[in-house]
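Please have the sequence and the coordinates open beside the text.

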Amino acid sequence: MIRDLPVADRKHVRQAALRLIRRDVPGFTATLLLNGLAASAALVSPWLLGRIIDTISAGGAIDVLAAVAVGGALLQLILSRYAEKVGTRFSERTQEHIRQEFLDRVLALPAATVEHIRTGDLTARGTTDVGVVGRTLRDAAPAVLISSLQALFLVVAVFLVDPLMGACGLVALAGVAAASRWYLRRARDAYLEEGAARSELAEHLAANAAGARTIEALGLQDRRTSAAERVIERGRVAQLRTLFLRGVLWPSVEVSALLPPVLVLLLGGVLLDSGQVTLGAVVSSVLYLRQLQQPVETILIWMEQLQSSGASFARLEGLRTPAARADVTAPDPQDDHIVATGVHFAYESTDDVVTGVDLTVRPGERLAVVGPSGAGKSTLGKLLAGIDRPRLGTVTVGSVPVADLSPAQLRKHVVLVTQEQHLFLGTVRDNLQPADPNADDNQMEKALAVVGADWVTSLDDELGSQSSGAELGPDRVQQLALARVVLADPHTVILDEATAMLDPRTARRAERSLAAVLDGRTVIAIAHRLHTARDADRVVVMEAGRVVEVGAHDELVAAGGVYQSLWRAHTPESSL
């Protein structure tokens with residue numbers, strides 16, 4: 001049952017932007033102040049040029065005015081450089097916050113969410129979208145901020161020189177506002193669609209790469225190629241849509257930006273003939289409006305990047321919405337009893353794969369769940385581990401729904417161990433800390449000793465050594481995973497063939513480590529091979545999603561039911 005991660009709405013994006021600003025108010029204030037001063041300094045030269053023209057016309061001296069003009073230009077240069085430096089530092093710090101928040105949110109996602117989201121979508125958000133937002137903060141945001149302040153100050157300056165010419169210039173800019181409004185009303189949805197298409201393509205490529213041998217063995221190349229072409233076509237259409245929007249916006253704004261100086265020149269000529277304005281005022285107004293073209297073009301150039309970044313930011317903030325995270329704060333379980341009552345579960349567009357299951361797991365018990373392929377064993381294991389939520393009925397630990405527990409709470413109560421173990425990029429210490437962020441080196445070393453990972457002491461930097469799956473091998477990777485279980489210290493461990501994919505020698509070493517981890521804990525073993533069930537306190541037999549038998553191994557063999565048939569098939573040479 002694959003689900004798409006949500007996308008934040010405009011309100012949440014605005015709130016997120018304000019939250020990032022509040023995290024670094026001094027940096028943001030300094031950036032705003034310096035850019036404002038730089039924009040103010042840029043107004044000096046055009047105004048002084050108008051004064052110089054009027055002074056020359058009156059036969060006066062311009063030495064002081066010229067010196068002030070040069071000084072204003074130098075001041076603008078210095079302020080602009082320093083503002084850029086401060087703004088870049090602010091954006092880099094903010095980008096760091098975004099990356100850290102994204103990682104924290106991913107790690108805090110409920111197990112049920114992680115299990116059913118598209119891997120490609122999450123990958124695209126953590127790479128492409130984070131990168132787009134980072135580049136915007138580093139490049140686009142400062143440029144647009146500076147240009148916006150310059151544009152505002154230039155319009156005000158024209159009004160101060162002559163209100164009539166200022167009004168004329170502002171009316172001429174209406175075309176820029178109209179074209180921008182048309183673009184902004186359509187751009188967000190278009191860029192969100194482009195981001196979704198990009199995620200789908202990443203998901204498709206990852207699935208093809210992971211299953212390349214299977215695709216080749218089953219002769220599915222043509223089918224997968226056709227599917228890839230559909231995904232690529234969706235991406236092409238989405239990119240053409242955003243390209244069309246830019247193709248309309250850019251010419252419209254560039255033409256509109258050229259009109260104000262032309263209209264002010266025409267109006268200024270009329271006013272000059274009637275003696276209502278001076279030549280210097282007309283020149284200053286035209287220069288201001290000509291200067292206005294540069295910040296408008298800068299905003300235009302970066303507007304596309306801002307829309308793309310806004311869509312990416314909305315996708316990142318989607319992990320913060322209630323649809324992606326568990327909003328319910330569950331109370332701590334009262335005890336270690338796991339109880340399933342009237343449990344029904346179905347994957348999307350299928351009939352129930354678990355039907356009417358009632359089961360109580362006693363603390364300290366070793367319980368085996370067996371049954372033919374497709375009986376619903378692994379699905380029941382995920383329900384007991386809180387990864388999936390029942391469609392009907394409840395699965396509780398200590399009278400609290402397991403699926404309502406936060407990741408931190410769940411780690412302390414129930415842990416699912418499968419044959420798929422992950423090695424994090426980083427040191428041995430980095431691979432152990434997710435289980436218990438507060439664990440010190442001494443606790444980590446004890447956890448490694450429990451699972452027999454003595455090889456860590458032979459590494460150059462021990463816990464600080466970089467970990468690599470190719471160098472460690474599957475048995476050592478499995479030991480690190482089991483050491484995480486020791487650090488998490490759950491009272492219940494659910495095993496779903498944790499050593500099934502290891503070679504016999506490696507499997508025996510992993511099983512010895514596993515036995516040390518399971519000592520004193522409740523164990524629920526999803527047994528695909530029945531030798532596991534023989535040593536269990538109780539055996540739960542499933543068939544067609546239902547629990548059909550419960551009892552000890554010897555009792556069930558003697559009963560002559562489903563379990564006896566499974567046991568005969570598993571050990572045909574044994575005598576019953």
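Let's begin with E193 and R234, whose side chains meet in a salt bridge with an N to O distance of 2.9 Å. A salt bridge here is a side-chain nitrogen of Lys or Arg within 4 Å of a carboxyl oxygen of Asp or Glu. E193 belongs to helix α8 (residues 174-210) and R234 to helix α10 (residues 221-273), so this pair ties together parts that are 41 residues apart in sequence. Helices (H or I, at least four residues) and strands (E, at least two) are DSSP runs, numbered from the N terminus.

E193 is partly exposed at 34% relative accessibility, and R234 is partly exposed as well, at 30%. The classes are buried for under 20% relative accessible area, exposed for over 50%, and partly exposed in between (1.4 Å probe, protein chains only).

## How the model was read

This is a predicted model, in which local features need pLDDT of at least 70 and side-chain atom pairs count only at pLDDT 80 or more, while totals for chains, interfaces and linings use all residues. Residues are numbered from 1 along each chain as its sequence is written, and side-chain values use heavy atoms, leaving out hydrogens and water.

How many salt bridges does the rule give? The count comes to 12. Helix α10 holds both R236 and E233, which sit 3 residues apart, about one turn of the helix. The closest N and O atoms of their salt bridge are 2.8 Å apart. R236 is partly exposed with a relative accessible area of 44%, and E233 is partly exposed with 36%.

D352 and R391 also meet through their side chains in a salt bridge, at 2.7 Å from N to O. D352 is in strand β2 (residues 352-361) and R391 is in the loop between α12 (377-384) and β4 (392-397), so the pair ties together parts that are 39 residues apart in sequence. Both ends are partly exposed: D352 has 26% relative accessibility, and R391 has a relative accessible area of 46%.

Which way do β1 and β4 pair, parallel or antiparallel? They pair in the antiparallel sense over 5 bridges, where pairing requires that DSSP finds at least two bridges between two strands.

The loop between β1 (338-346) and β2 is the place of Y347, a residue that is partly exposed at 24% relative accessibility. Y347 and T379 are 32 residues apart along the chain, and their C-alpha atoms are separated by 9.7 Å.

## The whole protein

Stepping back, the protein has 21 helices and 12 strands. Of its 576 residues, 47% are buried. Among contacts (heavy atoms within 4.5 Å) between residues at least 6 apart in sequence, 78% join residues at least 24 apart.

The protein exposes about 28,900 Å², of which carbon and sulfur atoms supply 57%. Accessible areas come from the Shrake-Rupley method with a 1.4 Å probe, and for residues only the protein chains shown count as cover.
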